[in-house]
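Thank you all for coming; I would like to take you through one structure this morning, starting with a loop and ending with some ring contacts. Please have the sequence and the model open while I talk.

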Amino acid sequence: MPQLLIELFSEDIPARMQARAAEDLQRLVTAKLEAAGLTAAASEAHSTPRRLALVVEGLAGRTADVREERKGPRVGSPEQAVAGFLRGAGLSSLDQCEQRDTGKGSFWFAVVEKPGRATAEVLPGLIAETIRELPWPKSMRWATGGFRWVRPLHHVLAVFDGKPVEGSFDLGGGLGTLTFVDTTRGHRFLSPDAVVEAGSFERYREGLRSAHVILSRDERRAKIASDAAEVAGAHGLVVAPDEGLLDEVTGLVEWPVVLSGAIDQQFMDVPPEVLTTSMRTHQKYFATTDATGALAPHFVVVANMVTSDGGAAVIAGNERVLRARLSDAKFFWEQDRKVRLEERVPALESVIFHARLGTVAEKVSRLETLAAELAAFVPGCDPDRARLAARLAKADLVSGMVGEFPELQGVMGRYYALGEGLAPEVADAVAEHYKPLGPNDRCPTAPVSVAVALADKLDTLVGFFAIDERPTGSKDPYALRRAALGLIRLIVDNGLRLELGRVFGIAHGLYRAEKLVPAAQVGPQLLDFFADRLKVVLRDRGVRHDLVDAVFALGGEDDLVRLLGRVQALQGFLGTDDGANLLTAYRRATNIVRIEEKKDGTAHGGAPEAGLLEQPEEKALFQALAEAERAAVPLLATEDFAGCMGALAALRAPVDAFFDKVTVNADQPPLRVNRLRLLSQIPATLNRIADFSRIEG
């Protein structure tokens, strides 16, 4: 079956955009082929810094014939309706249509038969549309053109069934057109004059390899990882794991050559995070570690060149650049330690946290109070140390090192705090108060760290909700969802008995800004916000979201640990036969009562009268409900949710017997009403645990 090969060749595409762009190219082309009646057997997309490539296998040589039927107006309709129908169907006369009786009258039908087209005729327009529609996070215009793309597009290679596709792409704006070609270029430096023939994908791929281009991103990535391990191993070292950097470097080279350089020993007394960040951020170097896990004085760099000197000049150049970078870092390191963190705090008055929420200095003032208040909820936390850590937590923001490397905020504060002889738990809290930053980030467990991290996130969430800057849709410019997820992890992972409603009020009361949304509104809004985030956290832990809804629906629950205990007990209960049957009984009882209440126009939620109970099964149910209630109430008070579920499980047999033997709609009205009241006690009793009406399945 014929094969389609496309290559879009441009100036260097940012590494972070390449993989997604290749996927988009594949998605757009295959979708357009399918829309044209061409189904592909397989497709494969590739990316390098300068090219996006796609091969589509198993295309037919022609699109399928299409037979369309269009239903028109009723026979005898006005001329205008008939003319519009004919125009839409591409016909000139009703003689070309058929009359059909549909059972609802006679209507005109047009049968339009479109013969298939040669695939090669379809492709030029399809490829041009794809290039225009390819989405980019950022795009640019060049020269005088109006066409926007990620980088200037140089050529379009298009080959179908071994032959070049006859077509072109108009760049517009006087830039001319790019006529589709069937050859491409090799590596920019290693094979600048190579002309790669692309009669087939195999020839194209192997031709590129001969011209120093490895087309497969996965192959380049694996080669870099393997060669880096080998180069580091030659020094008895290992490469520090960094998947993000590996992905980025893979997108920077077409012919990776891995080399190793040395870090000048004079910089090794600078904190390892500074060395690693400097190498990673600015130079794209991999750090290496020794057998003890300590940072080693060697780095790994990936070049896009093969040199005659075995890379000596490249290594020397990279070492020289790194030396300059690290000289700056060492300077900041030495200068920053001359000023104590406490002395830096006043400078935070010039740093704006948010235009309506004040400066970072004001935030720090709130954090001091809030962290000390929260210390009461964190076992083992010293409120004075929590207050001190909160005061110093943001001080490194105005240091020279964090000004140069913002990603080191907190990290440098810890080093400076330790250097000043502050308690280790205070220094650790300065570093960890931003954590956890994501689902894979470590969650603090040290009491002081937990208190300050809670305070930071609570202050942020309450503040932005108080000025009505809540996340909407996919927009979350202040990362409030991440803050809420971090707060939930801090509470749940550390088992903190924190009443959210109360601490929301404390945090809100610390703000001095004007025109804030009242605390009475912010609290419920934040609790709803937390409920949604909690479902995300618990879903990852295998907890059903509807059970979280069922417990939240009871209202008044803002203790996440207690809520989680209740949800987990409920999930375990519903997984048993007793639980599943009681859920069924709940729905059956609820439905019967609802239907009868609708008929009667009155509610039957009152307590049943024991004197009106006739049959043994209804008496047994009455007694079982009372016993379950008596047993459940103290168990709920002591948070023995599993025990409470066990007490409810005892209801199953009397409930089943009631439905088997008792006729609810008895002939005697008092008896009927009493039985409806008895039924209404089943959901009332079960709803002490959760709102069972919210449970799915």
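Predicted model: local features only at pLDDT ≥ 70, side-chain atom pairs only at ≥ 80, totals over all residues.

Let me begin with D161, which is placed in the loop between strand 7 (153-160) and strand 8 (163-164). The phi angle of D161 is near 55 degrees, which is a positive value in a residue other than glycine. As background, most residues other than glycine have a negative phi. Is D161 buried, partly exposed or exposed? With a relative accessibility of 44%, D161 counts as partly exposed, because that class lies between 20% and 50%.

A second residue of this kind is E639, where phi is near 60 degrees, again positive and again in a residue other than glycine. E639 belongs to the loop between helix 22 (616-637) and helix 23, and its relative accessible area of 29% makes it partly exposed.

While we are on the backbone, please look also at the peptide bond that joins K435 and P436, which is cis, with omega about -10 degrees. P436 is found in the loop that runs between helix 14 (424-432) and helix 15 (447-466). For context, most peptide bonds are trans.

I now turn to helix packing. Two packed helices are described by the angle between their axes and the distance between the axes.

The crossing of helix 1 and helix 3 is right-handed. On the helix 1 side we find L25, L28, V29, K32 and L33, which meet L123, L126, E129, T130 and E133 on the helix 3 side. How do the residues of that contact divide into nonpolar, polar and charged? There are 6 nonpolar residues, 1 polar and 3 charged.

Finally, the rings. A search of the whole structure gives 14 aromatic pairs. One of them is formed by F201 and Y204, a tilted pair with 6.2 Å centre to centre and 40 degrees between the planes. Both residues lie in helix 4 (residues 201-210), where F201 and Y204 are 3 residues apart, about one turn of the helix. F201 is buried, at a relative accessible area of 5%, and Y204, at 0% relative accessibility, counts as buried too. Elsewhere, ring pairs link W142, F147 and F169 into a cluster.

K71 lies over the face of F107, at 4.3 Å from the ring centre, while the charged end of R414 sits over the ring of Y415, 5.7 Å from its centre.

I will stop there and gladly take comments.

Note on methods. Residues numbered from 1 in each chain as written. Heavy atoms only, no water. Phe/Tyr/Trp six-rings, centres within 6.5 Å; stacked < 30°, edge-to-face > 60°. Helix = DSSP H or I, 4+ residues; strand = E, 2+ residues; numbered from the N terminus. Buried < 20%, exposed > 50% of the residue type's maximum accessible area, 1.4 Å probe, protein only. Lys NZ or Arg CZ within 6 Å of the ring centre and 35° of its normal. Left-handed = near helix turned anticlockwise from the far one by under 90°. Contact = heavy atoms within 4.5 Å. Nonpolar A, V, L, I, M, F, W, Y, C, P; charged D, E, K, R; others polar.
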